[in-house]
Amino acid sequence: MKGKLEPSERQKLIEEGKNLKEGLLALEEDLLKLTDDLQQEAQCIPNMTHPDVPIGGEDCSTIRKTYGSPREFIFPVKDHLQLGKQLDLFDLDAASEVSGSKFYYLKNEAVMLEMGLINWTLSEVMRRGFIPLTTPEIVRSSVVEKCGFQPRGTNTQVYSIEGTDQCLIGTAEIPVGGIHMDSILSESLLPLKYVAFSHCFRTEAGAAGTATKGLYRVHQFSKVEMFILCRPDESDSYLEELIRIEEDLFSSLGLHYKTLDMASEDLGAPAYRKYDIEAWMPGLERFGEISSASNCRDYQSRRLGIRYRPSEPSSATPKKGKSSLAPPQFVHTLNATACAIPRMIVCLLENYQQEDGSIIIPEPLRPFVGGLELIAPKSR
Amino acid sequence: MGLQCLCGTTLQTLKLAVIPSSSSSSSSSSRFVFGPLAKVYFPFHRRTASAQRPPFPLLLRAFSAPAVQATPTTTTTKTPDEKVLKPQWKAAIDFKWIRDNKDAVAANIRNRNSNANLELVLELYEKMSNLQKEVERLRGERNLVANKMKGKLEPSERQKLIEEGKNLKEGLLALEEDLLKLTDDLQQEAQCIPNMTHPDVPIGGEDCSTIRKTYGSPREFIFPVKDHLQLGKQLDLFDLDAASEVSGSKFYYLKNEAVMLEMGLINWTLSEVMRRGFIPLTTPEIVRSSVVEKCGFQPRGTNTQVYSIEGTDQCLIGTAEIPVGGIHMDSILSESLLPLKYVAFSHCFRTEAGAAGTATKGLYRVHQFSKVEMFILCRPDESDSYLEELIRIEEDLFSSLGLHYKTLDMASEDLGAPAYRKYDIEAWMPGLERFGEISSASNCRDYQSRRLGIRYRPSEPSSATPKKGKSSLAPPQFVHTLNATACAIPRMIVCLLENYQQEDGSIIIPEPLRPFVGGLELIAPKSR
């Protein structure tokens, strides 16, 4: 229509243009809706699975490693609730009045244990080259979704803040995953290894009937979390590194545990492979999960928009003109629990109890609790 | 007793064993001591040893000995500026006392610039009292009728009584409904009445607050001063931009040495306050909104500082004062337990609604922060002196960190409804070129305890010749409560960074903190 035209030709073109425009508008609307529908459905597709992962339900998970053995007690074993009561270490009743069930106050030496565990764990993981972080505990719900969680599903684990699009985090994995959202990292930065301390909040909706005793399942807890962003070819080996760090930590605390290679039905959508560690809790007379390590490969990074630019291939004779930059690739992300404090406290109290009700503090922790070696009953 | 024993024995060890021994060594000796031994135990803390990442391989030992400070400096939204929902709980307000002292109460309301409606309260109280008498009278009559009906009666008499009884019952029902409503209305109005005020408190607005104490003086810089944001950026200590994307404005990540500073400050503060006989606590950070109200805050007012959880009656705490205040809710404590002194570490969450325009730069005003809070429950005759003790502890803490600060005796309009007296400490922040509030200490007397229902039973008076028969137990009294910030971490980080900056952009770490950050003495720029 830019050229010189006869009026009748121009009129025909105008008509044609108008029809095309309307048709286009309608199709573009359809396209938008289709894209949304596609996204909604496609986001439900879980990550692929490592070929070595056992197929099936939780009874199919295999034991990758066992460490230690259950301590043999020569006196009746108490659970952490009884021990805590006798030693005035926590108050669940007052918390129930103030906040509701599954909340708690820690008191006296339990506070020192919490701080000591956090400090020791941070220290140990930093020693291995991880960058320490503390994170926001309120995040936009979109970030929660991008990490592969469902903030507003039924039985959601996620607390929402009234009147906002914000939620409370259930794990530092979320805000740490979000740090490099929508970014292209230089390859030289990888691997990026973070160790983050945060409080975590979980509704535990739908957890009725499962183990909920005392500190085992609570709405709020402190946790030290490891998070790695790396090149795709490295994620398998970093999962191994993460699980080894966890195993080292728990071994040095003298816990008896088993590392499970989780079966396909128990992975959770983001995980390509997942190792859970369950520690022996003599007072509860069962193994309880104390950590989880996942390789999410590019599941989260595709949602969070985290990519890296591979370095130029080094060459003796650099090309002239425009450098041949490789296109950005999605990083792989991994996360692993270094220490979930309440369950660790359960483990320590129950495993290290003495006949007189006192608790021995494992050696590695002592420098971090002011040298305290024993939690002893208090004279009244 | 048990609590004191804990403090006695454990704190003894704590005092000695503040510094974690090197984790790689056999840590044979368990005698950890402050000061000189720090160098012996951590010979590797010289930054020169390692110039590349990770920057602080051996600085990790510092995380021992929990030291936590508490007490938020925020002002509680004491004075409700609007009517809120019907109260779901009753405060044990002393209406008779208000009525008998109404001039003093009225003057106090004026001095505090409060919206409380004293006239309405007195009117409602009068009505309620009269109505109560009427209800009791009617009940008496109904009982009389009921008794009469027990005897032998003529049918016509019985019929009359039945009629009378029925009328009385209906009348009573109506009056009892009215009484309930009146009681609710009275509660709602009366809860707005702020606490009385200590006679020494200056009357007026914030410019009337007086300086109780000044410590130190502003450091003289021979180079251009940077603020904490610039320092943090250069030293890679925080990330506010990423936090803004992930969470929104006024959020932040701490990184590297700033994490160690946070942990070190918490641990050191906890340690210092425990040493002074306080019982350490960690608390829930989600609480029922009624508990928030009982502490004197307004979870659902406009410009509320309080985040609410969707679909529940729960909120996030803005200070550990709230869950600690709630621990002994609806209880009668034995006098021998008092004073109960707690030091609590928690994260705190504040909407900071209505804070636009006020100082909001960087870490100065944030939605989430760590805080160590002190809380005391005591006998009424002791609260004045415990406020002095709390402020002295705060001053000791900040002095030992080498801060320049002033302690303010807050004027009546700045007290907030629960506080009888309030001291705020403002520290000099050279990068922001102003004093900034880093702590607040309040004596709430029985304001909170009347709402939380915390009482104590005075011990029996000791007598040489015990009375025979029923022992004369004194009736329970309301305790007095006090709260004070031991350490609000972000503002403390602002202070430390800005005050201890060096010309090359590095930051000196004050001596008392070094054992708690693995012996780290300096935050130095990192080579890249």
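Domain 1 and domain 2 of chain B bury about 470 Å² between them, with 33% of that on carbon and sulfur atoms; buried area here is the accessible area (1.4 Å probe) that two parts lose on being put together, summed over both. On the domain 1 side, B:N111, B:R112 and B:Q191 lose the most area to domain 2, together 84% of what that side buries. Keep in mind that this is a predicted model, where local features need pLDDT of at least 70, side-chain atom pairs count only at pLDDT 80 or more, and totals for chains, interfaces and linings use all residues. Residues are numbered from 1 along each chain as its sequence is written, chains are lettered from A, and side-chain values use heavy atoms, leaving out hydrogens and water.

**Domain layout in chain B**
- Domain 1 covers 95-192, and domain 2 covers 206-459 + 473-523, with bounds from an automatic or database domain assignment.
- Their centres, taken over C-alpha atoms, sit 44 Å apart.

**What holds the interface**
- Contact (heavy atoms within 4.5 Å) links 5 residues of domain 1 with 9 residues of domain 2 in chain B.

**Aromatics**
- There are 10 aromatic pairs over all chains, counted when ring centres of Phe, Tyr or Trp (its six-membered ring) lie within 6.5 Å, with planes under 30 degrees apart stacked, over 60 edge-to-face and the rest tilted.
- B:F221 and B:F223 pair edge-to-face, at 5.5 Å centre to centre and 85° between the planes.
- A:Y67, A:F250 and A:Y257 make up one aromatic cluster.
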